[in-house]
Amino acid sequence: MPRRQRVLAVDVGTTKAAALVAEVRSDRDIAVLGIAVTPIAGVKRGLVVEPERASQSVRDAVNRATSMAGFEPVEVAASVNGDHVRARVERVTADVHGRSVTEQDLEALSHRAERQNGETGWESIRVMRGSFELDGMSSAGSPVGLSVQQLTMECLVVSAQSQQLRNLRRTLQMAGLSHPYWIPAGLAAAWGALSEDERQLGVVLLDVGGGTTQVAVWRGGLPRLLSVVPVGGDLITSDLATGLGVVAAQAERLKIERASAIGQAEGMVELKSVNGQTVKLVGLDEVSAIVEARVDEWLTMVQDALKTISWTKGPPGGVVLVGGGGLLKGMQERLERVWGWPVRLGAPQGLGGLSDLVKSPGHANVVGLSRVALQDGLGFRRETGWTRLLQGWLRTWS
Ligand SMILES: Nc1ncnc2c1ncn2[C@@H]1O[C@H](COP(=O)(O)OP(=O)(O)OP(=O)(O)O)[C@@H](O)[C@H]1O
Ligand SMILES: [Mg+2]
């Protein structure tokens with residue numbers, strides 16, 4: 001029987017922990033074997049601030065996803081969220097002296113790019129290869145096997161603050177998960193929701209979470225931008241709670257059921273005051289004004305993140321919205337009006353197994369995590385009786 005390639009993907013978001021068990025299938029891309037999502041505490045704007053509290057949700061999500069799958073993969077891929085994640089463009093050149101370029105040459109260039117301009121207190125978590133120049137001429141595709149004198153690679157080096165990575169590592173450890181394979185959340189979301197055609201043509205991906213928005217741009221099949229805006233849907237909820245004098249749970253319900261990113265507000269809504277004693281009538285125009293103001297501010301920040309990218313006629317693949325915050329009514333229309341580009345709501349596609357359980361835009365991240373990890377060759381290590389015992393023990397006692 002061929003060896004199975006299986007991985008556990010864990011997304012520690014601001015509002016929820018998601019765990020997914022996936023396996024490579026020959027007929028379909030990957031199959032989902034287990035999935036669970038649990039509300040989380042101890043995370044602010046994508047940063048773990050209380051590892052102990054956050055680890056309880058991670059443990060719960062992992063337990064549920066792995067019991068659904070019926071086993072626990074040894075290898076774990078985890079997303080790195082938050083605005084302590086940065087991506088910088090680096091250009092590195094090597095003399096190849098006329099011989100054929102090898103994969104080792106590219107790896108050596110990646111290592112140099114990682115070290116170049118690295119800052120203390122920051123750790124590089126991924127080098128995303130971009131375009132190449134062969135003897136000064138730009139080249140599409142991989143240069144492996146081509147003979148050149150000089151090879152230049154442009155890439156995105158993604159790094160995260162060491163302190164934040166330590167907190168995340170500790171959270172996972174307390175949930176019984178060791179040696180995580182880090183994947184930037186923006187990259188994961190892109191692999192969870194974009195098609196190959198979109199990545200080739202040029203596309204803007206927005207993963208609107210609770211505390212952050214991951215902004216990613218793909219063009220010519222390559223990543224051109226990965227940026228994090230420290231604003232997500234939760235600020236709309238807190239604005240509504242403060243502005244209307246209601247509790248957070250009511251503000252959240254109001255946002256999901258009645259709010260819209262485009263001011264189409266007529267009528268009234270009945271809300272309970274914070275003390276729960278009195279009921280008041282609030283105009284939907286007031287709700288709209290609060291939501292629109294925050295969406296405006298968010299838009300300015302996203303535009304700012306995108307300003308280094310120039311398009312002649314906008315991204316041919318348009319804009320793809322994922323994440324729970326992308327579900328806000330009127331978001332697509334609002335963005336289409338402002339940018340004049342087509343906007344669609346993205347969701348994981350082309351999956352086998354329990355694909356019906358992961359078809360919402362909020363699952364793009366955790367699905368993409370498993371896809372990137374499996375593509376990178378993770379998931380061949382077999383679980384042994386001992387590792388299974390150890391994992392169970394850690395989870396019970398930590
Ligand atoms: N139907 C909906 N309409 C509007 N907002 C929604 C809806 N469903 C979920 N949300 C909002 O989506 C946000 C959570 O999204 P998501 O689960 O993608 O965040 P996260 O991954 O936990 O956070 P982050 O990526 O910022 O770390 C919350 O602000 C929630 O209120
Ligand atoms: Mg998220």
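Modeller: A polar contact is a pair of N or O atoms within 3.5 Å; within protein, one must be able to donate a hydrogen and the other to accept it, and residues adjacent in sequence count only if both atoms are side-chain atoms. The model is predicted: local features need pLDDT of at least 70, side-chain atom pairs count only at pLDDT 80 or more, and totals for chains, interfaces and linings use all residues. Residues are numbered from 1 along each chain as written, chains are lettered from A and ligands numbered from 1 in written order, and side-chain values use heavy atoms, without hydrogens or water.

Biologist: What makes Asp234 a polar contact of ligand 1?

Modeller: An N or O atom of the Asp234 side chain is 2.6 Å from a ligand 1 oxygen. The limit is 3.5 Å, so the pair qualifies.

Biologist: Which distances do Lys255 and Lys16 show?

Modeller: A polar side-chain atom of Lys255 lies 2.6 Å from an oxygen of ligand 1. For Lys16 the value is 2.9 Å. The protein buries 87% of the 660 Å² that ligand 1 exposes alone (Shrake-Rupley method, 1.4 Å probe; for residues, only the protein chains shown count as cover).

Biologist: Which residues around ligand 1 come nearest?

Modeller: Thr14, Thr15, Asp234, Glu252 and Lys255, of 19 around it. Near means a heavy atom within 4 Å.

Biologist: Which domains supply the shell around ligand 1?

Modeller: Domain 1 (6-83 + 163-195 + 348-389) and domain 3 (200-344) each give at least three residues. The bounds come from an automatic or database assignment.
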